[in-house]
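Please read them alongside the sequence and the coordinates.

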Amino acid sequence: MSDAATPARRLVTEVPGPRSRALMARKSKAVARGIGTTVPVFATTAHGGTVVDVDGNTLIDLGSGIAVTTVGSSAPRVVDAVRDQVGAFTHTCFMVTPYEPYVAVAEALNRLTPGDHPKRTALFNSGAEAVENAVKIARVHTGRTAVAVVDHAYHGRTNLTMAMTAKVQPYKQGFGPFAGEVYRVPTSYPFRDGGLDGVEAARRATDQLDQQVGATNLAALVIEPIQGEGGFVVPAPGFLPALADWCREHGVVLVADEVQTGFARTGAMFACDHEGVVPDLVVTAKGLAGGLPLSAVTGRQEVMDAPGPGGLGGTYGGNPLACAAALAVVETIEADGLVERAREVERLVLTRLRALQDADPRVGDVRGRGAMIALELVRPGTTDPDPDLARAVAAEAHRQGVVVLTCGTYGNVVRLLPPLAISDAELTEGLDVLVAAFGTA
Ligand SMILES: Cc1ncc(COP(=O)(O)O)c(C=O)c1O
C-alpha cells in the first residue's frame, strides 16, 4: 500500500559503502563461497518497500527477498503476531504437542487454494522440502514412481528437487548423482517457441510423456504456473488447462508449484486462478509467511491422506512463529486488498517497461503478471540472449540504490518482484533508475 511515511531511496555513500565492503571481506573469510549474494550491501532494517544498509543508504526494494515479503518487509500485523507468539512459546513440535495456529494455517490454505473440494494441508519449512513431500504424497496415492517436469523449471536445491530443476549452472554442477525417475518435457515459452499455441505446446509435452515414460507410470506432473527462476515464463493461454485435462484423464497427480507465484503475487491469490486451473496439489512457501520459514502442500483430501499416520512431518514443519506470521499475512492480503494492489503494480510497471521496449531494441520481451514482471534481453534484431546486458543493468541499478534480480535459463532476464506494500512513488522511482540503467549499460 502507498505509505507516505515510508522513506524513499536515499544514498549517503557510494554503493556498496565502506561498512558493507568491510562486512563482505569478513563474509568471504567466514561463509562458504557457494552462498552467493546479489546486491553487495548488508541490511540493517527493512520496512515496506525499502531496505536500509549498514552505511545508512536506503534502497528501493524491487525483489522482496526473492518474492517473500509480498506484504512488505516487517509488515505491522506480521511483526505483532510473531511478537505475541514468541512470548507464548517458540516450539513444541506439532508432532509432539500440537497447537492451534498450525490448524488455522491449514484451514486458511484449504480455503484459499483453487477448487472447493475437500482438502488437507501439511506444513514444512522450505519450498524444496514441500515439493519433495508433494512427490512423496503423489507416489503413495498413485502407487507409481515417475515424475514429470518441464524445461526451464526450478523446484529447489535438495537432491530430488535438483533433479527436477532444469538449469545446471550453478544449481546442479557437480552435485550429482541425482534422484531417478524424473522426466523433463518441453514447456510453453511464447517468446521462444515460434508461436506454438497453448494446446499445441501441451500436446507436444504429453505426446513425449506418452511415448517416453507412459502415463500409467507417472505419479505426478509438477509445474510452475508461471516460471520463476527459469525466466518469468508465462505459458500460452490454454497450456495449463490442457495439461490439467490430460492429468485427470490418466490419473496423474497435477502439482502446481506456486512457491514463487502464490499469495497475491501475480494479481490473483494463486497463478492457477488466472485460467481456472484446479491442481490436485498446490505447493506454497515464500510469500506464505512474510519472511519466516514456512511451506505447505495443500490438496485433495484423498491424495493428501494417502500416506499413513507418521508418514509425513519434520521437527520444525509448521513452527508456531511461522504459523502466526502466515495468519497475519493472509489477514493483510485480504484486509488491504493486495490482490488488487498487485494488478495496479502490473499496470504501472508494464506501461513503463513497454515504453522502454519500444525505445530499446535490446529489450526482446516484457512479460509477467501482477507484481511479477520481467524483461528478457537480447541482441537487437534477434532472440539471442544477452546475459552481459542483464548483469550490467542490474549492477548499475544496485549502484543507484535499487534492488533488482536477474534470472532465466540464459541469465538474460531482469525480473521485478516488488513488495505489494511499496508506494507508487517508490515504485516509480525504482523504475526510473532501472530505465536509466539501460542508458549507461
Ligand atoms: C517455483 C519454486 N519452487 C521451489 C523453490 C524452492 O524454494 P526454497 O528455496 O524455499 O527451497 C523456489 C525457490 O526459488 C521456487 O521459485
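**Notes on the predicted model**

1. Helix α5 is followed by glycine 143, whose phi is positive, near 70°; helices here are DSSP runs of H or I with at least four residues, strands are runs of E with at least two, and both are numbered from the N terminus. This is a predicted model, in which local features need pLDDT of at least 70 and side-chain atom pairs count only at pLDDT 80 or more, while totals for chains, interfaces and linings use all residues. Residues are numbered from 1 along each chain as its sequence is written, and side-chain values use heavy atoms, with hydrogens and water left out.

2. Helix α5 itself covers residues 127-142, and its 16 residues reach 23 Å from the first C-alpha to the last, close to the 22 Å expected at 1.5 Å a residue (the expected span is 1.5 Å times one less than the number of residues). Its buried residues are Gly127, Ala128, Ala130, Val131, Asn133, Ala134, Val135, Ile137, Ala138 and Thr142, where buried means under 20% relative accessible area, exposed over 50% and partly exposed in between, with a 1.4 Å probe and protein chains only. An α-helix has 3.6 residues a turn, so residues three or four places apart point the same way.

3. Oxygen atoms of the ligand lie 2.8 Å from a backbone N or O atom of glycine 127 and 2.8 Å from a backbone N or O atom of alanine 128. An N or O atom in the side chain of glutamine 260 is 2.9 Å from an oxygen atom of the ligand. The protein covers 82% of the 390 Å² of accessible area that the ligand has on its own, as computed by the Shrake-Rupley method with a 1.4 Å probe.

4. Threonine 284 lies in strand β9, residues 281-284, and is buried, with a relative accessible area of 0%. Not counting residues up to four places away in sequence, threonine 284 touches Leu109, Ala130, Glu258, Val259, Phe263, Phe270, Ser295 and Ala296, contact meaning heavy atoms within 4.5 Å.

5. In α4, Pro101, Tyr102, Ala104, Val105, Ala106, Ala108, Leu109 and Leu112 are buried, and what covers them includes α3 (76-88), β4 (119-124), β9, β10 (295-300) and α10 (320-335).

6. Asparagine 412 sits in the loop between β14 (405-407) and β15 (413-416), yet is buried, with a relative accessible area of 0%. Its side chain makes a polar contact with the side chain of glutamate 376 at 3.1 Å; a polar contact is a pair of N or O atoms within 3.5 Å, of which, within protein, one must be able to donate a hydrogen and the other to accept it, and residues adjacent in sequence count only if both atoms are side-chain atoms.

7. Aspartate 55, in the loop between β2 (50-53) and β3 (58-61), counts as buried at 11% relative accessibility. The side chain of aspartate 55 reaches the backbone nitrogen of arginine 19 at 2.8 Å and that of serine 20 at 3.1 Å.

8. Arginine 341, in helix α11 (residues 338-359), counts as buried at 3% relative accessibility, and its side chain makes a polar contact with the side chain of aspartate 424 at 2.8 Å. Leucine 431 lies in helix α13 (residues 424-440) and counts as buried at 0% relative accessibility; beyond its neighbours within four places in sequence, leucine 431 is in contact with Leu348, Val349, Arg352, Leu353 and Leu416.
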